[in-house]
Amino acid sequence: MTRFESQSLRGAQFRDVDLAEAQFHDVTFEGSTFRDVSLNRVAMIGVELGHAVIDGDVEGLVINGVEVAPLIDGELDRRHPGRALLRSSDPDELREGWALLEAQWSETTELALAHPDASLRLRVGAEWSFVDTLRHLVFATDSWLGAGVLGATTYHPLGIAGPWFDHSTAGLDPELEPSLADVLAARASRQALVREWLATTTGADLEALTSPPSGVPWPPPEEMSARSRLHVILNEEWWHRQFAVRDMARWPTA
C-alpha cells in the first residue's frame, strides 16, 4: 500500500485513479474540487465542512444522525412548486409535470437565445455549455425512453453523454460543433417524443418492466419500470435547467 506522509501534494491532479478503501488522516482538502467522483459508502468522521458546495445525486446521506436527502427534496419542492409532480406515479400528474418542464425550458431557451452564439457555447467553470446541455438531454431521452422503453437501437447523432461514456459505441461524436439550429431541432424532436408518449400512457404502461434491446450501449441492460426510466429523464431535465440558469448568470454582458 502506498503511503504519503508529511508531504505536500498541493495542486496535484488525480485522473482515473482508484482510491477505493483509501484512508485519510489529518489531511486538508481545502479549496479542492471533486468532479465526476464516486463517494458511495464514504465515512467522514470528525470532519470540518464549512462553506462547502455539493451538487450531485445525494441518497442515504446521514449527517449527525439526520438523513439529509428528504430534507433537501422537501426544501426544493417548497422553492419550486410543481417539482414533486416529476416523482409521481400518476399519469395525469406526470403529464402536468412534463408540461411544466417544457414551459420552463421554453422560457429559459428564449432567454439564452437573446445572447450571442459564443455565450451559448461557453463552458462556465468547466461545466457543459448551454448547447452541450441541450445535446445531453437529447441523448438522455434517446437512452431512457427511446432505447429503454420504446426499443430503439439508434441515437440522434448530436447527442452527448458524460466523459465516462464511449461515444463511439453509440455512433456519437462529442467533438462535433453543430449549428444552433440543428441542436434546437434535435432537442424539439426529443421533447415531442416524451410528450407524445405521455399523452396516451396509462398507469399499467408506467409500471410495465422494460429492458433496452440487446447490445445497445446505454442504458444498462437490467429491467426497470417505464415509470423509473421516465423519472430519470424528468430528473435530468429539471436539474440541467437549474444548472443552465446558474451558468447563464455568469455569461458576459454586452
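**View 1. Helix α4 passes helix α5 in a left-handed crossing, left-handed meaning that the near helix is turned anticlockwise from the far one by less than a right angle.** In this predicted model, local features need pLDDT of at least 70 and side-chain atom pairs count only at pLDDT 80 or more, whereas totals for chains, interfaces and linings use all residues. Residues are numbered from 1 along each chain as its sequence is written, and side-chain values use heavy atoms, with hydrogens and water left out. The axes of α4 (residues 130–147) and α5 (residues 180–199) come within 9 Å and cross at roughly 35°, where axes are lines fitted to C-alpha atoms over the stretch in contact and angles run from 0 to 180 degrees between N-to-C directions. Helices are DSSP runs (H or I, at least four residues), as strands are (E, at least two), numbered from the N terminus.

**View 2. Asp 132 lies in helix α4.** Asp 132 counts as buried because its relative accessibility is 7%, buried meaning under 20% relative accessible area and exposed over 50%, with partly exposed in between (1.4 Å probe, protein chains only). Leaving aside neighbours within four places in sequence, Asp 132 is in contact with Arg 123 and Ile 160.

**View 3. Helix α1 (residues 69–79) has the buried residues Ala 69, Leu 76 and Asp 77.** The buried residues of α1 pack against β2 (66–67) and α7 (226–248), while the face turned away from the buried side carries the exposed residues Leu 71, Arg 78 and Arg 79.

How values were computed:
Contact = heavy atoms within 4.5 Å.
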